[in-house]
Amino acid sequence: MDKQKLLTSIRKVPDYPKEGILFYDITTIIGNGEIFFELIEFLHNRYKNEKLDFIAGIESRGFIFASALAYSLGIGFVPIRKKGKLPFTTVSEKYSLEYGFDEMEIHIDAFGGKKNSRVLLLDDLIATGGTAKASINLINAVGGVCVEACFILRLNEFDSIKEIEKKTKVFNVLDI
Ligand code: AMP
């Protein structure tokens with residue numbers, strides 16, 4: 001896979017969703033069939049021998065990559081969603097944002113009651129790492145083992161990765 005081509009395919013939108021934030025818009029990856037295919041194929045080759053049971057994706061952009069990869073590996077996809085979106089009994093985890101708090105949830109039976117399911121966490125981007133940390137805690141809370149946390153893009157200005165590395169292995173396709 002051509003990582004430079006992947007990186008330049010991400011559209012950068014200044015001052016979105018608020019002033020001072022440079023937003024990395026991955027719709028320009030997924031809207032390009034060739035680049036999207038190459039990325040999922042690259043991830044497929046990385047994870048095909050890891051004996052994964054599930055891929056967990058973080059709402060909402062993580063769902064796109066996680067479900068495509070789960071399909072290609074022939075394994076289940078598990079959504080980690082913002083509070084109030086999952087219909088069945090959930091476990092939830094609050095985490096702090098720059099200002100205030102947010103909360104993510106997972107279904108209590110997400111891994112079908114199978115203890116020690118091998119789970120890959122996948123999201124489009126890691127910045128402060130708060131969302132990823134909460135998601136790893138949720139995977140562990142419902143009987144999974146998060147074997148790796150994978151991000152398409154890591155923002156190096158945050159050194160959040162150290163916190164995540166205390167909990168699981170971390171892999172990012174790109175960093176900037
Ligand atoms: P964080 O918890 O700070 O690591 O934020 C990660 C989550 O917020 C991911 O689900 C990203 O999709 C989203 N996110 C944070 N910052 C950005 C950004 N600059 N561009 C695009 N998405 C972002």
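A crossing of two helices is called left-handed if the near helix is turned anticlockwise from the far one by less than a right angle, and right-handed if it is turned clockwise. Keep that in mind as you look at this predicted model, and find helices α3 and α4: their crossing is right-handed.

Let's stay with that pair for a moment. Helix α3 covers residues 33-47, and it packs against α4 at an angle of about 60°, with the two axes 10 Å apart. Angles of 65 to 115 degrees would count as roughly perpendicular and those under 35 as roughly parallel, and α3 and α4 are therefore oblique to each other. Which residues of α3 and α4 make the contact? On the α3 side you'll find Phe36, Leu39, Ile40, Leu43, His44 and Tyr47. Facing them from α4 are Ile64, Phe65, Ala68, Leu69, Ser72 and Leu73. Sort the contact by class and you get 10 nonpolar residues, 2 polar ones and no charged ones.

Now for the empty space. Rolling a probe the size of a water molecule over the atoms shows where such space is left. The largest pocket here has a volume of about 1300 Å³. It is lined by 42 residues, and the closest to its centre are Leu97, Leu125, Ala127, Thr128 and Thr131. Several elements give two or more residues to this lining, among them the strands β2 (22-25), β5 (90-96), β6 (101-107) and β7 (117-126). The largest share, 6 residues, comes from α5. What classes of residue make up the lining? There are 19 nonpolar, 10 polar and 13 charged residues.

Finally, take a look at some backbone details in the loops. Start with the loop between β1 (11-14) and β2, where you'll find proline 17. The peptide bond leading from tyrosine 16 to proline 17 is cis, with omega near 0°. Aspartate 15 is found in the loop between β1 and β2 as well, and it has a positive phi of about 60° although it is not a glycine. Then move on to the loop between β3 (54-58) and α4, the place of serine 60. The peptide bond from glutamate 59 to serine 60 is cis, with omega near -10°.

Note on methods. Residues are numbered from 1 along each chain as its sequence is written. This is a predicted model: local features need pLDDT of at least 70, side-chain atom pairs count only at pLDDT 80 or more; totals for chains, interfaces and linings use all residues. Side-chain values use heavy atoms; hydrogens and water are left out. On a 1 Å grid over the protein atoms alone, a cavity is a set of points where a 1.4 Å probe fits but cannot get out, and a pocket is an open set with protein on both sides within 12 Å along at least five of seven lines; lining residues have an atom within 4 Å of a point. Grid points are joined across faces, edges and corners, and a volume is the space filled by probe spheres set on the points. Helices (H or I, at least four residues) and strands (E, at least two) are DSSP runs, numbered from the N terminus. Ala, Val, Leu, Ile, Met, Phe, Trp, Tyr, Cys and Pro count as nonpolar, Asp, Glu, Lys and Arg as charged, and the others, Gly among them, as polar. Axes are lines fitted to C-alpha atoms, for helices over the stretch in contact, and angles run from 0 to 180 degrees between N-to-C directions. Angles under 35 degrees count as roughly parallel, over 145 as roughly antiparallel, 65 to 115 as roughly perpendicular and the rest as oblique. Contact means heavy atoms within 4.5 Å.
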